[in-house]
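This report describes a protein model, with attention to its aromatic rings. Please look at the sequence and structure first.

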Amino acid sequence: MATIPEDCLENLKCSACGYYLSCSPVYLKHNGDNLCGRCTVPHDEEHLIIRNNSYETVASVMVFPCKYKTVGCSKQLAWAKVKYHEEGCEYRPYNCPTSDCNWSGLHCNLKQHYEENHVNLLLEHPANVKPNITKDSEKRYLLSAFGLLFILHLKYIVSSSKLWYCVRFLGNTQFASFFEYILEITTGDNGIIRMKKTVQPTNTDVLNQHTSIEININHLLGMGVISNFDDAVFNISVKLNNNKCMICNNDITSSVKLSSEGCFCGNCEIEEAMDNVLLPVQKQTVVPCKNANAGCIYQDIPLNMPKHEKWLCKLNKGTCQLTSDLFISTLNLTKLGTAWHKAIIPAYGPNPFDNTAEENCVACELFLSETYKVVVMQLRSSIEPKMVSLFLNDLKSYIDEQNFKQVIILTSSFSYEMKNLNCGYYRYLTNTEELSNVFEENGIQPVEDSQSNRIVIHGSGFAVKLYELLKASTKTTVIVKYASEGDNRPDAMSMLHVLQKCLQLTTDVLKQISFPLSWELVYGSPPPLGIY
């Protein structure tokens, strides 16, 4: 790539911000001035500008200095890398996050500034930060974690008794999504309330339910969730979404190095590329899926494995699958048969109820109870995304043909998506007044409306689509359980009791719970001999 001479560079500057024309898109104004991609085009001038495609074509083969060149950055950057580098440049100036301080300086000097001027707002990870609820307050703490800096924005308003916690990453905005922050409230009676959100970038200062953890203190006190505020402990912590090093696959527990490719531990050697992206210099380790012992043969680099294990692996056992197995085992349902559809991604594994049985399980199976007049459809695999509509329409046709009295759909959502902590961990959708009354009697609230005025349950798969398809012709109910990742067997036990109330089964049915074999193998099992 060609380097632009200094005398030419001085003529290639944005008329608005004064920095180099090194960020796309570049616009040409009617008076001959240019605007760079860092700047916003004034609304009243939109009809007076055009995209300067000719300049961008030439600039795409040039290298440019960083806009912080005058304060010490010596990087020479390709056109496509400039904006990314400048967001995380070590010479980028930061203003002090506190509202009453005019300090401005480099990222590396911000912690020292806090130590000298705001030591009471300096936190080490994890931190206990309890608000003062006797008056309105707003503070911005500097939090150190993994050798990096974060801002903890805490705000409390007395009139609404609302409290907000928000953690923002001080650095490249792209890296903020690599982290999540967790608020744990430990009550006086040793109860724990746990909430989490994705860390936000520093270019936003908004506090709402989408960017922050929002709590109504009066609701928690009034409902007895917190019996005594003085005894409650508010602990805030930051964790990596994927804490495995991309090179050595070891857990990252202390310092972390970030790149657009992922995260690295402090012990692995990495090199710094021209665009300030950290790249591995040695061969990446290929690791197996966590369900390898259960038959999954997928292998990939650590960066890609979480996506497979969380969303794609056919041998995952989620809350609803565990509940269905528990229901089948406890009520001693009989296997009715297997279901095949071209949209169902094939899966094959050990028998979830009997390790001595010759018959193994497949992707979709039906179980029947003549005594309780219940049919359970256990779907252990996922649906091909492009064929979801076909599958749901065919499923509706089957339900209509069999003339089922009602359909109950079990699904789950991410616990951090809960909009209202005071309403418990369940929500429902139903078109029947009878079940609506059952839910209300048990303190279960309906699904909240989204901002787009349509039903949205994040992480629930096709549950909402199936409900919308069936509700006009069939009594249909969706039971939603907010659950966290990890061992979901306690969630399944809880959901079984909710299901018992919906089906109006006697409590005697659940007096002797029969735990299925699959519950012993949540984290995998030996491969079945039948596959050989």
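## Burial and overall make-up

Of the 532 residues of the protein, 46% are buried (under 20% relative accessible area with a 1.4 Å probe and protein chains only; over 50% is exposed, and in between is partly exposed). The protein has eleven helices and 33 strands, taken as DSSP runs numbered from the N terminus (helices: H or I, at least four residues; strands: E, at least two).

The model is predicted, so local features need pLDDT of at least 70 and side-chain atom pairs pLDDT 80 or more, while totals for chains, interfaces and linings use all residues. Residues are numbered from 1 along each chain as its sequence is written, and side-chain values use heavy atoms, without hydrogens and water.

## Aromatic pairs

A pair of aromatic rings is described by the distance of the centres and the angle of the planes. Rings of Phe, Tyr and Trp (its six-membered ring) pair if their centres lie within 6.5 Å; planes under 30 degrees apart are stacked, over 60 edge-to-face, and the rest tilted. The protein has twelve aromatic pairs by this rule.

In one of them, the ring centres of Phe169 and Phe179 are 5.8 Å apart and the planes are at 25 degrees, so this pair is stacked. Phe169 belongs to strand S13 (residues 162–169) and Phe179 to strand S14 (residues 179–186). Both residues are buried. Together with Phe146 and Phe150, Phe169 and Phe179 form one aromatic cluster.

The pair of Tyr398 and Phe404 is tilted, with 6.2 Å between centres and 55 degrees between planes. Tyr398 is partly exposed at 33% relative accessible area, and Phe404 is partly exposed at 27%.
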